[in-house]
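Here are my notes on the model you sent over. Have the structure open while you go through them.

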Amino acid sequence: QVQLAESGGGLVQAGGSLRISCAASGRTFSSYAMGWFRQAPGKYREFVAGISWGGGNTYYADSVKGRFSISRDNAKNTVALQMNSLKPEDTAVYYCAAAAGITISTMTPVVDAYYDYWGQGTQVTVSS
């Protein structure tokens, strides 16, 4: 069982930056692929970024590519999302997720069905 807790959300002006983090419990964090998803009001939850459990592979949604960066620290059981050049359309609740059943060290799942554990989310609001 893994518990995930996001932090670092808030209000930021368009063009600004924000870093959100996710702390995971449990001793097998390094074996989980990790992802960030977001859900805006009235919209479906969407994939934002993912990182393989080996840490060597990352993958981004086209909408955030070049602006967001995902990283993980297996020693601290944390994964972070650095968000730069934020836009009002980035406003959403951001969720951290862990995928436990990934056997390929380089795989970064983009479909939420692959993820087994979810945090409660952190609100990111970008004002224009």
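This is a predicted model: local features need pLDDT of at least 70, side-chain atom pairs count only at pLDDT 80 or more; totals for chains, interfaces and linings use all residues.

1. Residues are numbered from 1 along each chain as its sequence is written, and side-chain values use heavy atoms, with hydrogens and water left out.

2. The partners in that bond are Cys-22 and Cys-96, with 2.1 Å from S to S. Cys-22 sits in strand β3 (residues 18–24) and Cys-96 in strand β9 (residues 92–99), so the link ties together parts that are 74 residues apart in sequence. The link is left-handed, at -75 degrees about the S-S bond. Both cysteines are buried; buried here means under 20% relative accessible area, exposed means over 50%, and partly exposed is in between (1.4 Å probe, protein chains only).

3. What does the secondary structure come to? The protein has 0 helices and 11 strands. Those are DSSP runs numbered from the N terminus, with helices as H or I of at least four residues and strands as E of at least two. The radius of gyration is 14 Å, close to the 14 Å the globule rule gives for 128 residues, so the protein is as compact as a globular protein of that length. That radius is taken over C-alpha atoms, and the rule is 2.2 Å times the number of residues to the power 0.38.

4. Some whole-chain numbers for your notebook. The C-alpha trace spans about 40 × 25 × 25 Å along its principal axes, and 42% of the 128 residues count as buried. Take the contacts (heavy atoms within 4.5 Å) between residues at least 6 apart in sequence: 60% of them join residues at least 24 apart.

5. Is Ala-75 buried or exposed? Ala-75 is exposed, with a relative accessible area of 78%. Its place is the loop between β7 (68–73) and β8 (78–83).

6. Two backbone angles to look at. Most residues other than glycine have a negative phi. Asn-77, however, has a positive phi of about 55 degrees although it is not a glycine. Asn-77 lies in the loop between β7 and β8 and is buried, at 16% relative accessible area. Ser-85 also has a positive phi, near 50 degrees. Ser-85 is found in the loop between β8 and β9, and at 41% relative accessibility it counts as partly exposed.

Conventions: A disulfide is a pair of cysteine sulfur atoms within 2.5 Å.
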